[in-house]
Amino acid sequence: MFHPGDTIGPYTLVRALGRGAFGEVWLADRASSMLTTQVALKLPLDAAADLEAIRQEAQLWLKASGHTNIVPVLEAEVYDGQIIIASEYVAGGSLSDWLKQHGGKTPSVEAAVTIMRGVLEGLQHLHESGLVHRDLKPSNVLMQKGRPRLTDFGLTRVLKSSGHTTNIAGTPGYMAPEAFKGHYSPASDIWAVGILLHKLLTGVLPYPHTDFYSLLLAITSDEAVKLSDQVPDALRPVLAIALAKPVSDRYTSAAEMTEALASPSGSAPVSPPQARHNLPIQMTSFIGREQEIAQVRASLAKTRLLTLTGSGGCGKTRLLLQVARDVQDDYSEGVWLVELAPLSDPVLVPQALASVLGIREEPGKTLTQSLSETLSSKQMLLLLDNCEHVLDAAATLSDTLLKSCPRVKVFASSREGLGFAGESSYQVPSLSVPDIRQPQTPEHLAQYEAVQLFIERAVMTNAGFAITDQNAPAVASVCHRLDGIPLAIELAAARVRSLAVEQI
């Protein structure tokens, strides 16, 4: 569309610098009567691009400018019907170009640490300005005489209290787990720094998956990334914290990570954050339930005892754990899971909680009294999972703790409510299922949670499984006849190892 020599307002295009989904970036001359300067011009390919979106990007970029590690914006305007954003031209090219010149990774650990400290200092300025970059990657870091400078603020957003957007965008290999759900914060940029540091040190990404589905599953699963053997021992704890899946386990700021990289070798002592939860690692991804999660979180914010109820296999425990992960930052002393299913004697319920929290019975006091006194000043969320067979004991313990510990909340799951005053309950519904009376196509079925779950679990069992026009009616029938019950669907999906869906 654009060619060297083209003029756009006061600018003459010299050569293309790069191209992305938004359009092109060109080196351009701007001549005045006394001086010719060079700038980088960002040119949307669609002349009718959303002018308001471009204006917003330019305004956020202007707000981000003013730091040596951030490329400043110079102008945003419409010339001859073409929208442009002009920024300072950095002759050194991008970090991506710089890495190619050095064989794909930095020539030394010291070089990697120096570059990342500059990136972090730029991010700290960005975050202090109330912004989150959301698309940090090598091509969005320019190099000026060895100094990194952040650019491209097309996905930058103002940091709001909710930290949530329906515009889920970014470069997947650098996106944090929460970013795939629309959540963002400075911690999301910290995650990208961890990915970038791993790339600089080893020449590869820590999640090197080539297809999007495998990449999404790896990043959003609870299993920690296995760092390359090329990562120096001194930097392994730094990366482990930057790439922690729970947001609360990452560095609290770019400045804190900069401090951890204080010495050129990265050998500054780093203490991992103290554990603030005991939530188990989930080996499978969480499917759907966006509406349920929002409703449960809203209820939990208004009550001190919330019980998820429903029949066996409906997904109470997974919903409980998912919501707990989402809200763990709200509780300064953590979120703690007490698994009651293994208990055969209701008398052991207080002991189960005490064991999780490391609280011992004191002489002359019952264990429940010791728990009440220890937790009296704590801000904590207690998860009591599978209460149905020890219902009275769970209810008694919850009642005692809620009356004596004003900052403690109880979040329970049970086939029926605990049954005392102040309790709120939420009936966990089945997953959404298709109407088998309607024509079934793969595209149509993809919107239903039960089908999404069946497909994902089937692929885990049989990597060659795919939903087609031929088996779509059978998939719809299986999900419908199982009433969208997650456990039943998972058990059915496991059979694709040896059976066709029609046989199931």
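This is a predicted model: local features need pLDDT of at least 70, side-chain atom pairs count only at pLDDT 80 or more; totals for chains, interfaces and linings use all residues.
Good morning. A residue is called buried when its relative accessible area is under 20%. With that term in hand, let us turn to helix 15, which runs over residues 472-481 and has Ala472, Ala474, Val475, Ala476, Val478 and Cys479 as its buried residues.

After helix 15 comes aspartate 483, with a positive phi near 55 degrees.

The structure as a whole holds zero disulfides. Cysteine 405 likewise takes part in no disulfide, and the nearest cysteine sulfur, in cysteine 387, is 17 Å away. Cysteine 405 counts as buried because its relative accessibility is 0%.

Let me now step back to the whole chain. The protein chain comprises 16 helices and 15 strands. Its C-alpha trace spans about 90 × 65 × 40 Å along the principal axes. Of the 504 residues, 49% are buried. If we take contacts between residues at least 6 apart in sequence, 67% of them join residues at least 24 apart.

As for the surface, the chain exposes about 23,200 Å², and carbon and sulfur atoms supply 53% of that area. There are 42 positive and 52 negative side chains, and the centres of these two sets lie 2 Å apart.

Setting aside neighbours within four places in sequence, methionine 257 is in contact with Leu120, Ile190, Val193, Leu197, Val238, Ala242 and Tyr251.

Is leucine 150 buried or exposed? Its relative accessibility is 0%, so leucine 150 counts as buried. Beyond neighbours within four places in sequence, leucine 150 is in contact with Asn69, Ile70, Val71, Val119, Gly122, Leu123, Leu136, Asn140 and Val141. From leucine 150 to glutamate 256, 106 residues along the chain, the C-alpha atoms are separated by 19 Å.

Glutamine 82 takes us to another strand, namely strand 6, residues 82-88. Its relative accessible area is 7%, and because buried means under 20%, glutamine 82 is buried. Leaving out neighbours within four places in sequence, glutamine 82 is in contact with Met1, Phe2, Ile8, Leu43, Pro44 and Glu77. Between glutamine 82 and leucine 136 there are 54 residues of separation in sequence and 27 Å in space, C-alpha to C-alpha.

Lysine 181 presents another case. It is located in the loop between strand 10, at 157-158, and helix 4. With a relative accessible area of 40%, lysine 181 falls between the limits of 20% and 50%, and therefore is partly exposed. Tyrosine 213 is 32 residues from lysine 181 along the chain, and their C-alpha atoms are separated by 14 Å.

I shall finish with helix 10, residues 349-357. Its buried residues include Val349, Pro350, Ala352, Leu353 and Ala354. Against which elements do the buried residues of helix 10 pack? They pack against strand 12, at 335-339, helix 11, at 367-375, strand 13, at 380-385, and helix 12, at 391-404. Helix 10 is followed by glycine 358, whose phi is positive, near 70 degrees.

Thank you for your attention.

Conventions: Residues are numbered from 1 along each chain as its sequence is written. Side-chain values use heavy atoms; hydrogens and water are left out. Helices (H or I, at least four residues) and strands (E, at least two) are DSSP runs, numbered from the N terminus. Buried means under 20% relative accessible area, exposed over 50%, partly exposed in between (1.4 Å probe, protein chains only). Contact means heavy atoms within 4.5 Å. Accessible areas come from the Shrake-Rupley method with a 1.4 Å probe; for residues, only the protein chains shown count as cover. Lys and Arg count as positive and Asp and Glu as negative; His and the chain ends are not counted. The place of a charge is taken as NZ of Lys, CZ of Arg, CG of Asp or CD of Glu. A disulfide is a pair of cysteine sulfur atoms within 2.5 Å.
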